[in-house]
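Q: I would like to learn how to read the features of a protein model one at a time. Could you take me through this one, with the general idea before each case?

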Amino acid sequence: MANFTRPSFIIQLSASHAPIHLRFYFHEKYRGENATSNVVATLNRPNSTFGNIVVFDNPLRAGPESNSKLIGRAQGTAFRSSFSEESALAAITLLLSEGEFNGSSISLIGLVDGSGSADRTVVGGSSHFRMAKGYVLTKIVNSTAVSLVAQYDAYIWS
């Protein structure tokens with residue numbers, strides 16, 4: 001078996017490179033007219049969302065207010081993946097349409113627990129974020145019976 005040694009200059013480059021920090025707000029409307037998130041498949045289990053598949057196309061805004069500047073879209077799918085708790089495995093593409101990263105995308109995957117908090121992995125992207133890596137921390141800012149707003153803090157090495 002071949003013995004492979006990683007060149008040290010790659011490690012040095014990675015260690016000294018600071019991440020880009022982006023903060024934006026995910027605005028989801030899951031009930032009512034103009035919903036941005038919809039269940040497209042269900043197992044119809046009583047008292048359970050296990051197996052449900054949700055698709056979404058939610059606005060990303062500069063602030064938590066519904067009238068704050070639109071800076072992109074969060075498009076993706078979520079799969080209800082637990083029998084015992086409200087959680088979902090989500091695959092999300094963040095499409096940025098404003099500022100320095102206009103036209104770039106960031107691809108995420110990870111679990112969202114019942115509290116709405118999440119620590120997702122950046123698995124790539126496009127344009128400025130091609131071959132990116134990192135993570136995105138999420139917390140709920142506001143939640144009602146028909147919508148929610150979550151703060152996304154992205155830390156990305158590209």
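A: Let us begin with a term that will be needed throughout: a residue is called buried when its relative accessible area is under 20%, exposed when that value is over 50%, and partly exposed in between.

Q: How many of the residues of the chain count as buried, as a percentage?
A: Of the 158 residues in the chain, 34% count as buried. The accessible surface of the chain is about 9400 Å², and carbon and sulfur atoms account for 54% of that surface.

Q: Where is pLDDT under 50 in this chain?
A: The general idea is that, where pLDDT is low, the predicted coordinates should not be read in detail. In this chain the average pLDDT is 87, and 90% of the residues score at least 70. Over residues 5–16, however, pLDDT stays under 50, and for this stretch the model has two contacts beyond four places in sequence.

Q: Which pattern of helix and strands does the chain follow along its sequence?
A: The secondary structure comes to one helix and nine strands, and read along the sequence the pattern is α-β-β-β-β-β-β-β-β-β. As for contacts between residues at least 6 apart in sequence, 42% of them join residues at least 24 apart.

Q: How many aromatic pairs are there, and what describes such a pair?
A: A pair of aromatic rings is described by the distance of the centres and the angle of the planes. Here the count comes to seven aromatic pairs. In one of them, the ring centres of F50 and F83 are 3.9 Å apart and the planes stand at 25°, so the pair is stacked, the cut-off for stacking being planes under 30 degrees apart. This pair links distant parts of the chain, since F50 sits in the loop between β2 (37–41) and β3 (53–61) while F83 sits in the loop between β4 (70–80) and β5 (88–96), 33 residues apart. F83 itself is exposed, with a relative accessible area of 57%.

Q: What is the arrangement of the rings of Y135 and Y155?
A: The ring centres of Y135 and Y155 lie 5.0 Å apart with their planes at 25°, so this pair is stacked. Y135 belongs to strand β8 (residues 133–143) and Y155 to strand β9 (residues 147–157), so the pair ties together parts that are 20 residues apart in sequence. Y135 is partly exposed, at a relative accessible area of 31%. Elsewhere, ring pairs link F24, F26, F56 and Y152 into a cluster.

Q: Is S87 buried or exposed, and which residues does S87 touch?
A: S87, in the loop between β4 and β5, is buried, with a relative accessible area of 4%. Leaving aside residues up to four places away in sequence, S87 touches F79, R80, S81, S82, L111, V112 and D113.

Q: Which residues make the nonpolar surface patch?
A: The patch, of about 420 Å², is made by F79, L89, I109, L111 and V123. L111, found in strand β6 (residues 105–112), is partly exposed, with a relative accessible area of 46%.

Note on methods: Residues numbered from 1 in each chain as written. Predicted model: local features only at pLDDT ≥ 70, side-chain atom pairs only at ≥ 80, totals over all residues. Heavy atoms only, no water. Patch = residues over 30% accessible without salt bridge, like charges linked within 9 Å, V, L, I, M, F, W, Y side chains within 5 Å. Areas by Shrake-Rupley, 256 points an atom, 1.4 Å probe, with all protein chains shown as cover. Salt bridge = Lys/Arg side-chain N within 4 Å of Asp/Glu carboxyl O. Helix = DSSP H or I, 4+ residues; strand = E, 2+ residues; numbered from the N terminus. Buried < 20%, exposed > 50% of the residue type's maximum accessible area, 1.4 Å probe, protein only. pLDDT = per-residue confidence, 0-100. Contact = heavy atoms within 4.5 Å. Phe/Tyr/Trp six-rings, centres within 6.5 Å; stacked < 30°, edge-to-face > 60°.
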